[in-house]
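Here is a short note for your first look at this entry. Keep the sequence and the 3D view side by side as you read. Take the points in order.

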2 protein chains.
Amino acid sequence: MPTSSLIRLFVYISPMDHKRPTIKDIAAALSLSPSTVSKALRDHPNIGATTKERVKKLAKQLHFVPNQTAIRFKQQKSFTLGILIPSMLDHFYVAAVEGFEKFAYDHGYNVLIGQSHESIQREKELLVTMQSNRVDGLIIAISRETLDTTHINDVVNSGIPIVYFMRKPINEEHHCVCSDVYTGAIDAIAYFVSRGHRRIGFINASSFWTTSRDRFLGYRDGLIQHRIPYDKSLVQESDFTQASNRQATRRLMRLDKPPTAILAFKDQVMLDALNCLRQDFPAKADSVELIGYGANPVIEYLERPPLGSLKEQPHEIGQKAASLLLDLINNPQAEYQPKLVKTSCELQVFSSHKQR
Amino acid sequence: MPTSSLIRLFVYISPMDHKRPTIKDIAAALSLSPSTVSKALRDHPNIGATTKERVKKLAKQLHFVPNQTAIRFKQQKSFTLGILIPSMLDHFYVAAVEGFEKFAYDHGYNVLIGQSHESIQREKELLVTMQSNRVDGLIIAISRETLDTTHINDVVNSGIPIVYFMRKPINEEHHCVCSDVYTGAIDAIAYFVSRGHRRIGFINASSFWTTSRDRFLGYRDGLIQHRIPYDKSLVQESDFTQASNRQATRRLMRLDKPPTAILAFKDQVMLDALNCLRQDFPAKADSVELIGYGANPVIEYLERPPLGSLKEQPHEIGQKAASLLLDLINNPQAEYQPKLVKTSCELQVFSSHKQR
DNA sequence: TTGTAAGCGTTATCAC
DNA sequence: GTGATAACGCTTACAA
């Protein structure tokens, strides 16, 4: 009955209100049932080719876009993954978010980003938001303040898979994706030694993180490999604030035998150390060489860059964390076996130093 | 009937499967109706104090978290706002996202972030995702490639409020939040002139954006205010790639009468110009002064920083865009009247120059 | 190959 | 002050 069909079409093609077309509307307009339309739109094998065509054509005309909120509700799945990071002002985490998002989108998932700004309180609130949004899974780099992970374990126990990345609590055995910072430290020490350094300082971060311990182990084993005695006073801890980074630098430089080279937890720390050296120890500044972690693009703009940086793969880390997370989501009944994924961490030497 | 109640409690407190508790579960356990529980949890005035307490207590015990996916569906609102930006590698947009998110979260909204990476194709895909997620509203900084905004107008016509921020197409009258770049340019020119410059170059961006036109008008009017004739050859366009930024710089410096000062569209452009000057025009580099937009924190790490930068308020811009967007969402029937919101843009001079 | 009906969790409306 | 019922848009057994 073409006429009737046309009338219906008219009705549904130009709704006066801004209500978006639903599957029901399409079904009514084509005198089909909603289930048929639903299947047709998703290319279900049970539906005839002509029907599919008719449905898809009208859907296009009406600018039909499936209502994800309804699908999520119906499927009891949010098709949303969460990512909790300290801050997006850190290039590393921005890149990690990108890798995570890309993988998630490619697999039909949205991403909810949360920034703790290093506050455990905010981290807790964000976890509630994530649960409330029924995220299907979550990756976390814990805040600096997070020394107790009860709130995170509660989430795990509620059945939401979680993967740590980069910052994992040292006392928890759990899935984790991070850089191979150990090998990075070994390489950095070897390079320092090859340039004649024997007195090598190290500015580390929270000892509550495995990534700090691993850096330390690499630093220590690196020294051992070159028969350099380990000197506790050469290792300082910083909390990433500029004040703390400079303080750690000053403590090192005020030693009776200050270091001639410093390995820093990350480039941000190294850059503050560099400024501190030049401002507070101008006489020695030029003879102290620095290596950080992260290969921060900022360095390209410095006239006198530091010696080098251990280039990490944040994008890949985000992507691998997403991949692991989806595995966990799709195999909920698999037996629990903490997985540890590591990505490479390669020493990059800045050009002005290569040329010497 | 306490016994019965206890048994029910037991059943619902420790579900063997990981199914999360629902309002129904709480209702059954307390022998109440779901609607009562729903109201109690939301402090509805109709519900008695004791009932509210009982309900809330059990909800807490069961770790009940309201299912947002259900609420969204029921309310026909996603309580989600979208933000489309070129890239999170740009500090400006990260800060804008933060301001936007903060305001959104404080008003019970989630945020979906999309990065176009300057691709119109990706921008179109993201808009479909946003619609599919039924975002209640959207703010956009269009991609560099976006010279046609049909895809955006389609979204507006489908009833989703949109606010442009920073990058608005010049041919569209629509809500927009951005920096007062015009006044910024006026101030920059005035400062250049106060330092003796009469030959001032300008590296601008896409003329398709109002924000480029406004910068240009400020540049031109600034010159006029100081009776400096406008010279077309002193204005170059760049697309933000390093190559393009350097190219524009070279074109300026190769003029018969090259500029002694340059205003750049943003700090990234200025930094590339700075490097280009020092590498390709070492003789003149030190006598050319630069001002950009953005007060990029990177500059703090430079030993010889540029003259200054026009500090924008990205956080405030994000916040104001969110505020305007929520207004539009909450007053859908208000008559259409494009709103333009501007935030300040203040010249910041870097210390080494102040001291001269 | 297509249609029917139930249901996901919540809330609004209306009845009691 | 509390409860029953319907509805949101979609998918999925199962029925035809």
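1. Leaving aside its neighbours within four places in sequence, F165(A) is in contact with A96(A), I139(A), A141(A), C176(A), V177(A), C178(A), I317(A) and A321(A). Two residues are in contact if their C-beta atoms, placed from the backbone, lie within 7 Å. F165(A) and F165(B) touch the most other members of the largest nonpolar core, which has 86 residues. Such a core is a set of buried Ala, Val, Leu, Ile, Met, Phe, Trp, Tyr and Cys residues joined through C-beta atoms within 7 Å. Buried means that 20 or more other C-beta atoms lie within 10 Å of a residue's own; exposed means 12 or fewer, and partly exposed is in between, with C-beta atoms placed from the backbone. In soluble globular proteins, nonpolar side chains tend to be buried together.

2. **What kind of model this is.** This is a predicted model; local features need pLDDT of at least 70, side-chain atom pairs count only at pLDDT 80 or more, and totals for chains, interfaces and linings use all residues. Residues are numbered from 1 along each chain as its sequence is written, while chains are lettered from A and ligands numbered from 1 in the order in which they are written.

3. **The sheet of chain A.** Six strands form an open sheet in chain A, ordered 2-1-3-4-5-11, with parallel pairing. Helices (H or I, at least four residues) and strands (E, at least two) are DSSP runs, numbered from the N terminus. Two strands pair if DSSP finds at least two bridges between them. Strand 2 and strand 11 (340-343) of chain A stand at the edges with a single partner strand each, so one side of each has no neighbour in the sheet. From one strand to the next, the twist averages 20°. Axes here are lines fitted to C-alpha atoms, for helices over the stretch in contact, and angles run from 0 to 180 degrees between N-to-C directions. Strand 5 (residues 176-179) of chain A is joined to strand 11 of chain A by four bridges. There, V177(A) stands opposite V341(A).

4. **The sheet of chain B.** Chain B has an open sheet of six strands in the order 2-1-3-4-5-11, paired in parallel. Which strands stand at the edges of the sheet in chain B? They are strand 2 (110-115) and strand 11 (340-343) of chain B. Six bridges pair strand 1 (residues 80-85) of chain B with strand 2 of chain B. T80(B) stands opposite N110(B) in strand 2 of chain B. Helix 14 (residues 314-330) of chain B packs on this sheet, and its direction makes about 165° with that of strand 5 of chain B.

5. **Where the chains meet.** The contact takes 33 residues from chain A and 33 residues from chain B. On the side of chain A that touches chain B, helix 5 of chain A gives the largest share, five residues. By class, that side of chain A has 15 nonpolar, 13 polar and five charged residues. Ala, Val, Leu, Ile, Met, Phe, Trp, Tyr, Cys and Pro count as nonpolar, Asp, Glu, Lys and Arg as charged, and the others, Gly among them, as polar.

6. **DNA strand D.** How many residues surround DNA strand D? There are 24, and the closest are T22(A), S35(A), S35(B), T36(B) and N46(B). A residue is near a strand if its C-beta atom, placed from the backbone, lies within 6 Å of it. Nine of the residues near DNA strand D are nonpolar, 11 polar and four charged.

7. **DNA strand C.** Of the 25 residues around DNA strand C, S35(A), I23(B), S35(B), A70(B) and K74(B) come nearest. Helix 5 of chain B gives the most to this surface, with four residues.

8. M253(B) belongs to helix 11 (residues 242-253) of chain B. M253(B) has 19 C-beta neighbours inside 10 Å, so M253(B) counts as partly exposed. E118(B) lies in the loop between strand 2 and helix 7 (120-132) of chain B, and its phi is near 65°, a positive value in a residue other than glycine. R227(B) has a positive phi too, near 55°. With 8 C-beta neighbours inside 10 Å, R227(B) counts as exposed.
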